[in-house]
Amino acid sequence: MVKRLCILGATGSIGLSTLDVVSRHPEKYEVVALTCHHRVEELFQLCLRHRPRYAVVGEERSIPGLQGRLREAGLPTEVVAGTQALVDVATLPEVDYVMAAIVGAAGLLPTLAAAREGKRILLANKEALVISGPIFMDAVRHSGADLLPIDSEHNAIFQCMPAGYHAGKDPAAVRKILLTASGGPFLNTPLEHLPKVTPEEAVAHPKWDMGKKISVDSATMMNKGLEVIEASLLFAVPPERIQVVIHPQSVIHSLVDYEDGSVLAELGNPDMRIPIAYGLAWPERIESGVEPLDLFEIARLDFQPPDLARFPCLRLAFEAAQAGGTAPALLNAANEVAVAAFLEGRIPYTGIAEVIGDTLDRLSPTAADDLDSVLAADAEARRFAESQIP
Ligand code: NAD
Ligand code: MG
């Protein structure tokens, strides 16, 4: 049966890769809804190609222009705007799969709503899970939604789990999870040069082509820190059983270490179409468009432990993971504010970890029992972090 898709964040890096995979299999997938924030022209082009029933834009004032052009082009697409519209399209009865590919906390409400509705969630938007933690996982358990991790590491781990494994279940006989990290563009940059690195240098990732925010997160390794929290939620393992391994080639996407000494890994070229195709087709497999892996060309695989003096954000994330409650929400919100300020040239690169550290020092986490508590923590951390920035 054809699976009908809602793609949240269709104009982004993950959204476009998803549409690339989907268009290779028109007999299997149909696009029902596409969303964007500001890139309305890009969304228009995507609508022409994929003919969705709904298109969501960030602001009301963008509706008339896009609606008019779609009508002129003879498309039946209905244009809507805002957060409630995102929730509405993600929970449409005719939607089977929701690709959660909005960046940051902005993706939380529609992704959580889709999980509550029992949709298959293809989760790229790690921030949504990190901030809502147990609330999100409970929603998945209650509705019986299939939660497929799209983050390449978590997708690799999922692939290495026993057959029939579902996200959130305690995996039997797993000793630890080994989360690989490329180390980003500043793995070998002299420490004294770090205060001077520019946004352009920070977003130029050596292995992956991604949106700006996650590229900066990869440079600071906050991305890996968020992924530690993500992995502990998805695979029900405490953070102390998650080990970060720097592996600059990004060929091994992560590993699972079992009690009998077997270590399973998933390998492939660094291309997000691999986890996306897996999430779409699971439990089957489909062609993704990714080049076959050539081990002779790669020739060697290197590993090293992360240096927490170079990557203080990774330490902060481990501390937030251990603290639990709303600590991950505080961490994530402070990071979103700090990264935006760095990209706007308002703080230096090394100021990112300082803003997050100050926020976590000042604000105390509370229990994350309901959505209101995590949204309040998110808002409080944003306010405090903003006040630390000139
Ligand atoms: P991106 O910046 O390329 O795209 C973000 C998308 O979200 C765009 O469509 C944008 O219009 C939309 N968006 C941004 N702000 C919004 C808001 N306030 N409201 C509604 N929509 C908004 O980002 P990306 O690299 O595609 O990453 C998307 C998510 O996937 C992130 O959470 C990221 O951590 C995760 N992820 C990305 C990659 C990757 O390779 N790019 C890998 C793993 C995980
Ligand atoms: Mg990742």
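This is a predicted model: local features need pLDDT of at least 70, side-chain atom pairs count only at pLDDT 80 or more; totals for chains, interfaces and linings use all residues.
I started with ligand 1: one of its oxygen atoms sits 2.8 Å from a polar backbone atom of G211. I also found a backbone N or O atom of I14 at 2.9 Å from an oxygen atom of ligand 1, and a backbone N or O atom of H37 at 2.9 Å from an oxygen of that ligand. My rule for a polar contact is a pair of N or O atoms within 3.5 Å; within protein, one must be able to donate a hydrogen and the other to accept it, and residues adjacent in sequence count only if both atoms are side-chain atoms.

Residues are numbered from 1 along each chain as its sequence is written, chains are lettered from A and ligands numbered from 1 in the order in which they are written, and side-chain values use heavy atoms, with hydrogens and water left out.

**Ligand 1, continued**

I looked up how much of ligand 1 the protein covers: 89% of the 830 Å² of accessible area that the ligand has on its own. Accessible areas come from the Shrake-Rupley method with a 1.4 Å probe, and for residues only the protein chains shown count as cover. Which elements give two or more residues to the shell around ligand 1? They are α1 and α6 (126-143). Helices (H or I, at least four residues) and strands (E, at least two) are DSSP runs, numbered from the N terminus.

I noted 21 residues around ligand 1, with T11, S13, H37, E127 and G211 coming nearest. To be in that set, a residue needs a heavy atom within 4 Å of the ligand. The shell divides into 11 nonpolar, 7 polar and 3 charged residues.

**Helix α1**

I then checked α1 (residues 13-23), whose buried residues are I14, G15, S17, T18, L19, V21 and V22. Buried means under 20% relative accessible area, exposed over 50%, and partly exposed in between (1.4 Å probe, protein chains only). What covers these α1 residues includes β1 (3-8), β2 (29-35), α2 (40-50), β5 (97-100) and α11 (273-281). I used heavy atoms within 4.5 Å as the contact cut-off.

**Magnesium**

What coordinates the magnesium ion, ligand 2? I got D151 (OD), E153 (OE) and E227 (OE), at 2.1 to 2.2 Å. These donors follow the spacing D-x1-E-x73-E along the chain. D151, in the loop between β7 (147-149) and α7 (152-159), and E227, in helix α10 (residues 222-234), link distant parts of the chain, being 76 residues apart. Donors here are N, O and S atoms within 2.8 Å of the metal (3.2 Å for Na, K and Ca); water is not among the atoms, so the site may look incomplete.

Is D151 buried or exposed? D151 counts as buried because its relative accessibility is 7%. E227 is at 1%, so E227 is buried too. Setting aside neighbours within four places in sequence, I see D151 in contact with L123, K126, E227, E230 and M272.

S288 lies in the loop between α11 and α12 (295-298), and its 12% relative accessibility makes S288 buried. A polar atom of the S288 side chain is 3.2 Å from the backbone nitrogen of V290. Not counting residues up to four places away in sequence, S288 touches D20, V21, R24, R273, I274 and A277.

D260 is in the loop between β10 (252-258) and β11 (263-267). At 65% relative accessible area, D260 is exposed. I found a polar atom of its side chain 2.8 Å from the backbone nitrogen of S262.

Most residues other than glycine have a negative phi, and most peptide bonds are trans. I logged a cis peptide bond between W282 and P283, with omega about 5°; P283 is in the loop between α11 and α12. R51, in the loop between α2 and β3 (54-57), has a positive phi near 50°. A299 also has a positive phi, near 65°, and is placed in the loop between α12 and α13 (312-323). A299 counts as exposed, at 66% relative accessibility.

Definitions and conventions: Ala, Val, Leu, Ile, Met, Phe, Trp, Tyr, Cys and Pro count as nonpolar, Asp, Glu, Lys and Arg as charged, and the others, Gly among them, as polar.
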